[in-house]
Amino acid sequence: MREFVLTVPEAFANREIKHILKNHFGFSSRLITALKEGDGITLNGKKEFVNKKVSSGDILKITLYDRASKNITPENIPLEILFEDEDLLIINKPPKMPTHTSVYHTTGTVANAVLYYFKDRPFTFRAPSRLDRDTSGVLIIAKNAWSGDCISRAIKNGEFEKEYSAVCVGTPKNRKGTVNAPIKREKEGIIKRIIAPDGKSAVTEYEVLCEKGGLSLIKLHPKTGRTHQIRLHLAYIGTPIYADFLYGRDIDGERIRLHCSSVQFMHPVTKKIMKITAPLPADMDITKLQKSF
């Protein structure tokens, strides 16, 4: 449950509550619609609806109630927490751990772990910045519907920056550059993507940090958010990610070496710019991958 209390200023006098929800709190239309149900809105202690007009000095209270996610079994799995407040839980996701449960992964996911972490309260699992199973690093879990909406909107509007690190086979010809190559699905119904002139725009900036023994550690800033963008763009310039079974070469028992090193965004409440970082996992030390390679 998350509560917001506002003493209505003169600027909002004679305005409907839904106007304040949208223009002061930044609630989405979907969230405003959800608040029409239940008792999430009170004005001076009395339940009201979104079309109620307010007066200067009124006390408006908004309560967001959560419901327990269905079909997710809480599991006592340790979480490496990088940041937490009333609205966000940010963790360093380990490799080989799915974010969400699925038909193939009903246990051992971030969702299972988070539901256990919040076992004493109803909690809906929301991970607007999800990471693939093999990808490690910074992962944001929204603790209420409003913060989830804010992060999702920031991602959609390009106001959410991610930095990745990847261990690649080979070294790019140019140690620093930009890959601008459109991406589309190879065939309908399959996950693999290809570079194609009629694909969706995809842009990735990269910089080689170090290299050794045929491998390189590369820093990446995706400017768009296409599926498999980083993996495909690195393969496109001739340096596929280590153990990438789709766009490079499968290595038995090895995971794709891709890590979300940091995220930067505006906090939904404080409006401060936050940058959260996660250290490289041990299995991305290129000096220890030579034998495997």
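I will start with helix H5, where Gln229, Ile230, Arg231, Leu232, His233 and Leu234 are buried. Buried here means under 20% relative accessible area, exposed is over 50%, and partly exposed is in between, with a 1.4 Å probe and protein chains only. Six of the eight residues of H5 are buried, so this helix is largely enclosed by the rest of the structure. Just after H5, glycine 238 has a positive phi of about 90°.

Some housekeeping. This is a predicted model, where local features need pLDDT of at least 70 and side-chain atom pairs count only at pLDDT 80 or more, while totals for chains, interfaces and linings use all residues. Residues are numbered from 1 along each chain as its sequence is written, and side-chain values use heavy atoms, with hydrogens and water left out.

Now the chain as a whole. It has five helices and 15 strands; these are DSSP runs numbered from the N terminus, with helices being H or I of at least four residues and strands being E of at least two. The C-alpha atoms fill a box of roughly 70 × 40 × 35 Å along the principal axes. Of the 293 residues, 45% are buried. Contact means heavy atoms within 4.5 Å. Among contacts between residues at least 6 apart in sequence, 64% join residues at least 24 apart.

Next, the largest pocket. A pocket is found on a 1 Å grid over the protein atoms alone, as an open set of points where a 1.4 Å probe fits, with protein on both sides within 12 Å along at least five of seven lines; lining residues have an atom within 4 Å of a point. The largest pocket holds about 1100 Å³ of space, where the volume is that filled by probe spheres set on the points, joined across faces, edges and corners. There are 31 lining residues, and Arg130, Lys162, Tyr164, Gly225 and Arg226 lie nearest the centre. Helix H4 (145-156), strand S8, strand S13 (215-222) and helix H5 (229-236) each supply at least two residues of that lining.

Strand S8 (residues 161-169) also holds glutamate 163. The glutamate 163 side chain does make a polar contact with the side chain of histidine 221, at 3.1 Å. A polar contact is a pair of N or O atoms within 3.5 Å; within protein, one must be able to donate a hydrogen and the other to accept it, and residues adjacent in sequence count only if both atoms are side-chain atoms.

Asparagine 14 is at about 70°, in the loop between strand S1 (2-7) and helix H1 (17-25). Lysine 271 is at about 65°, in the loop between S14 and strand S15 (273-277).

Last, leucine 289, in the segment after S15. Leucine 289 is buried, with a relative accessible area of 4%. Its C-alpha is 9.6 Å from that of valine 167, 122 residues away along the chain.
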